Amino acid sequence: MEKAINSPFRYAGGKFYARHLILEHIPSHSVYLEPFAGGGSIFFAKNKVRQNWLNDADPELINTYLMIQNNPEKLINALSDEVATKERHAWYKNEFKPQNALEQAVRWYYLNRTSYSGIMNPKNCYWGYGDKYSMRPENWGRNILRTSQKLQGVQITCLDFETVLEQVEDDAFLFIDPPYFNADQDKFYSYSFVYDDHIRLSKALKQHQHRIKFLLTYDNSPEIRIMYDWANEIHDKEWNYTINRTDDQKLTQDLKNGIITQKKVQKQTRSKGKEIFILNYTSQQNELFSMYDSQEQFF
Ligand SMILES: C[S@@+](CC[C@H](N)C(=O)[O-])C[C@H]1O[C@@H](n2cnc3c(N)ncnc32)[C@H](O)[C@@H]1O
């Protein structure tokens with residue numbers, strides 16, 4: 001049995017803070033698939049099963065996963081002398097042109113660890129590392145190694161979600177976390193997800209609903225509720241999370257200059273996650289767990 005670890009990446013829209021709420025709804029299964037893996041926070045938080053499959057449409061993300069899975073030592077060596085500085089961040093972002101898969105993974109990993117909220121989209125990729133709160137470069141190697149161990153035997157692909165839905169085995173369990181319906185996703189991801197994609201997803205899930213089980217997370221919008229009116233359960237969920245605002249240059253400066261207090265910074269860093277979980281099965285949540293609905297708070 002593999003132990004739970006954190007995602008190796010910082011990922012916009014990652015489900016780290018909601019992981020307990022999600023895990024308690026997952027039925028027993030022997031085939032697991034995340035069609036929109038991103039940082040894979042649920043995969044890394046749960047035990048592996050007979051077959052595990054991570055997919056995402058972003059080729060640079062998938063290249064980094066594959067490098068961590070198959071050549072962790074090469075990646076660790078290539079990053080071993082790195083320092084987290086604004087200058088190195090700007091160099092990787094603007095000047096460095098990777099010539100091969102390893103260099104591409106090095107660039108992606110460095111920028112992911114040092115950019116504000118891990119946002120990798122060039123339009124919104126800013127320096128956002130804080131020595132106190134971010135994982136320091138000397139710990140990156142350990143992070144890569146333990147991730148590599150967990151990724152052994154995992155199928156990792158870079159395909160459109162529809163292809164993986166068609167290919168996945170009967171009786172598989174899918175954790176599905178597509179880009180939000182209402183958010184401006186262009187900000188975060190390299191691949192935008194438009195209205196037609198949301199419709200495409202809903203149709204594909206309806207088509208496969210009798211041979212797979214899925215838990216789908218979405219922002220709470222009437223359009224999505226209508227799109228999934230055929231699902232078994234829709235739960236309203238709410239959780240708290242903290243944003244690492246030391247990443248935020250202005251707040252850090254204000255704190256240094258005594259314009260705001262540490263307490264105020266902490267207050268500003270707490271946000272609420274509000275989403276719906278859509279299930280095509282009857283969840284076996286026990287009494288204890290069900291009382292978490294709509295009120296659970298995880299920091
Ligand atoms: C909300 S994120 C997933 C976050 C992830 N659950 C986590 O905890 O880090 C959505 C992901 O969908 C991917 N994506 C966008 N369009 C896609 C498509 N057509 N097929 C597969 N993945 C896609 C994006 O690259 C992004 O990584």
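**Helix packing, core and ligand shell**

Trainee: In the protein chain, how many of the contacts between residues at least 6 apart in sequence join residues at least 24 apart?
Mentor: 75% of them. Two residues are in contact if their C-beta atoms, placed from the backbone, lie within 7 Å.

Trainee: What kind of model is this, and which pLDDT limits apply?
Mentor: It is a predicted model: local features need pLDDT of at least 70, side-chain atom pairs count only at pLDDT 80 or more, and totals for chains, interfaces and linings use all residues. Residues are numbered from 1 along each chain as its sequence is written.

Trainee: How many helices and strands does the protein chain have?
Mentor: There are 13 helices and seven strands. Helices (H or I, at least four residues) and strands (E, at least two) are DSSP runs, numbered from the N terminus.

Trainee: Helix packing, then. At what angle do α4 and α7 pack?
Mentor: About 170°, with their axes 10 Å apart. Axes are lines fitted to C-alpha atoms, for helices over the stretch in contact, and angles run from 0 to 180 degrees between N-to-C directions. So α4 is roughly antiparallel to α7. Angles over 145 degrees count as that, under 35 as roughly parallel, 65 to 115 as roughly perpendicular and the rest as oblique.

Trainee: Which residues make the contact?
Mentor: P72, L75, I76 and L79 of α4, with W140, G141, I144, L145 and S148 of α7. By class, that is seven nonpolar, two polar and no charged. Ala, Val, Leu, Ile, Met, Phe, Trp, Tyr, Cys and Pro count as nonpolar, Asp, Glu, Lys and Arg as charged, and the others, Gly among them, as polar.

Trainee: Zoom in on I76. Which residues does I76 touch, leaving out those up to four places away in sequence?
Mentor: G141 and I144. The C-alpha atoms of I76 and I144 are separated by 7.2 Å, though the two are 68 residues apart along the chain.

Trainee: Why is I76 classed as partly exposed?
Mentor: Because I76 has 17 other C-beta atoms within 10 Å. A residue is buried at 20 or more, exposed at 12 or fewer and partly exposed in between, counting other C-beta atoms within 10 Å of its own, all placed from the backbone.

Trainee: And α3 against α7: what angle there?
Mentor: Helix α3 (residues 59–70) and helix α7 (residues 137–151) pack at about 90°, with axes 7 Å apart. So α3 is roughly perpendicular to α7. Y65, I68 and Q69 in α3 meet I144, T147, S148 and L151 in α7.

Trainee: New topic: the largest nonpolar core. Which members touch the most others?
Mentor: L33 and L75, in a core of 55 residues. Such a core is a set of buried Ala, Val, Leu, Ile, Met, Phe, Trp, Tyr and Cys residues joined through C-beta atoms within 7 Å. Beyond four places away in sequence, L33 touches W53, V164, V168, A172 and L174.

Trainee: What about phi of D171?
Mentor: Near 70°, a positive value in a residue other than glycine. D171 is in the loop between α8 (161–167) and β4 (173–176). D171 is exposed, with 11 other C-beta atoms within 10 Å.

Trainee: Last one: how many residues surround the ligand?
Mentor: 23, and the closest are G13, G14, F36, G38 and G39. A residue counts if its C-beta atom, placed from the backbone, lies within 6 Å of the molecule. The shell divides into ten nonpolar, seven polar and six charged.
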